[in-house]
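Here are a few notes to read with the model open beside you. Take them one at a time and find each residue as you go.

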Amino acid sequence: QVQLVESGGGLVQAGGSLRLSCLASGNIFTINSMGWYRQAPGKQRELVADITSGGRINYADFVKGRFTISRDNAKNTVYLQMNSLKPEDTAVYYCNALIVTGQGLRLEVWGQGTLVTVSS
């Protein structure tokens, strides 16, 4: 069994910063990709950023220059540093990982989500 646990969400004023963390644990052989998605009320879940085990990064256009994704492979942890937050960044942020288990199974795993609220 593999699980992702997010932390770091909360309430912040516009222009402020938050840092999200996501720890993967369980029967993990390797993690190919880790990333962050978000879902605002009434909207579809969308990619925010992801990072491969080799460090290749992909950002959504709406966060470029404001958010930074990073990863600690030794700790099976991915981070999302969010700066210059806007009210439209308000959403539940979900961690996502593409994991290979010790038995060679390839799994896509989601965290439970952490709420980020940006007040104007």
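1. Let's start with S33. Its contacts, leaving out residues up to four places away in sequence, are D50, I51, T52, R71, N96, A97 and L98; contact here means heavy atoms within 4.5 Å. S33 sits in strand β4, residues 30-39, where strands are DSSP runs of E, at least two residues, numbered from the N terminus. S33 counts as buried because its relative accessibility is 13%; buried means under 20% relative accessible area, exposed over 50%, and partly exposed in between, using a 1.4 Å probe and protein chains only.

2. A word on where this comes from: this is a predicted model, so local features need pLDDT of at least 70 and side-chain atom pairs count only at pLDDT 80 or more, while totals for chains, interfaces and linings use all residues. Residues are numbered from 1 along each chain as its sequence is written, and side-chain values use heavy atoms, with hydrogens and water left out.

3. The link is left-handed, at -85° about the S-S bond. C22 is buried at 0% relative accessibility, and C95 is buried at 0% too.

4. N76 lies in the loop between β7 (67-72) and β8 (77-82).

Conventions
Helix = DSSP H or I, 4+ residues; strand = E, 2+ residues; numbered from the N terminus. Disulfide = S-S within 2.5 Å.
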